[in-house]
Amino acid sequence: MTTASTEKNPSTGLTVEVFGPTVEFLTTESGFSVLKGVVPPGVFVPMHSHPDVEDFIVIAGEMQCLKQETESHEWITAKVGDYIHVPGNARHAWRNASNEPAILLIITTNKMEQFFRESGRSIDGTLQLPTPEELGKLAAISAKYGYWLATPEENAAVGIHFSF
């Protein structure tokens, strides 16, 4: 017989920064991963896609999620208690247009967790823009996992403007 332990607020103790948002690894013992994401005000996640399914529940603040269709796109605002399901290979992006941090529970695959572990940076308390070398590393890691990243032009077409 296997002994199970119930734990309140489990965490692995590992949190990484992914060029603005942070990801805390809560549970990683099963066939899926539960993460806690924090997206500071004004921060965005550029348009991308991956075969992994992701589910998000907003637990504080609010986020805008890009729903990309074949010929159009729409920004959906998710508030506390809202649930967003992102199917595998769906093009999507995130932005926090509010003045408060958004906190999300993220349920996804172990593969996505590994991607975050490899692409994330140690948290040193200061938000730094990524260097060209770090962006190159992110592109290489994304390609390794079979993840698609939008070009700056594709991001601009949906209202995400940035340059490095």
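1. A pair here means rings of Phe, Tyr or Trp (its six-membered ring) with centres within 6.5 Å; planes under 30 degrees apart count as stacked, over 60 as edge-to-face and the rest as tilted. Take Phe 56 and Trp 94: their ring centres are 4.4 Å apart and their planes meet at 55°, so this pair is tilted. It ties together distant parts of the chain, with Phe 56 in strand 5 (residues 54-60) and Trp 94 in strand 9 (residues 92-95), 38 residues apart. Strands (E, at least two residues) and helices (H or I, at least four) are DSSP runs, numbered from the N terminus.

2. Before going on, keep in mind that this is a predicted model, where local features need pLDDT of at least 70 and side-chain atom pairs count only at pLDDT 80 or more, while totals for chains, interfaces and linings use all residues. Residues are numbered from 1 along each chain as its sequence is written, and side-chain values use heavy atoms, with hydrogens and water left out.

3. Are Phe 56 and Trp 94 buried or exposed? Phe 56 has 4% relative accessibility, so it counts as buried. Trp 94, at 6%, is buried too. The cut-offs are these: buried is under 20% relative accessible area, exposed is over 50%, and partly exposed is in between (1.4 Å probe, protein chains only).

4. Another tilted pair is Phe 115 with Phe 116, at 5.9 Å centre to centre and 55° between the planes. Both Phe 115 and Phe 116 are buried. They also belong to one aromatic cluster with Tyr 145 and Tyr 147.

5. The charged end of Arg 91 sits over the ring of Trp 148, 3.8 Å from its centre. Likewise, Arg 117 has its charged end over the ring of Phe 25, 4.5 Å from the ring centre.

6. Now for empty space. Rolling a probe the size of a water molecule over the atoms shows where such space is left. The largest pocket holds about 940 Å³. It is lined by 43 residues, and the closest to its centre are Val 18, Phe 44, Val 45, Pro 46 and Leu 138. For the method, a 1 Å grid is laid over the protein atoms alone; a pocket is an open set of points where a 1.4 Å probe fits, with protein on both sides within 12 Å along at least five of seven lines, and lining residues have an atom within 4 Å of a point. Grid points are joined across faces, edges and corners, and the volume is the space filled by probe spheres set on the points.

7. Which strand gives the most to that lining? Strand 4 (residues 44-49) does, with five residues. By type, the lining of the largest pocket has 30 nonpolar residues, twelve polar and one charged. Nonpolar covers Ala, Val, Leu, Ile, Met, Phe, Trp, Tyr, Cys and Pro; charged covers Asp, Glu, Lys and Arg; the others, Gly among them, are polar.

8. Have a look at Asn 155, in helix 3 (residues 152-157). Its relative accessibility is 0%, so Asn 155 is buried. Leaving out residues up to four places away in sequence, Asn 155 touches Pro 46, Met 47, Ala 150, Ile 160 and Phe 162. A touch, or contact, means heavy atoms within 4.5 Å.

9. Ser 33, in strand 3 (residues 32-39), is also buried at 0%. Its contacts beyond four places in sequence include Thr 27, Ile 106 and Glu 113.

10. Phe 19 has a phi of about 55°; it is found in the loop between strand 1 and strand 2 (22-27) and is buried, with a relative accessible area of 18%. Asn 89 has a phi near 70°. That residue lies in the loop between strand 8 (83-86) and strand 9, and is exposed at 53%.

11. Finally, a loop residue: Ser 72 sits between strand 6 (62-68) and strand 7 (73-79) and is partly exposed at 39%. Ser 72 and Val 158 are 86 residues apart in sequence, with their C-alpha atoms 9.0 Å apart in space.

Note on methods
Lys NZ or Arg CZ within 6 Å of the ring centre and 35° of its normal.
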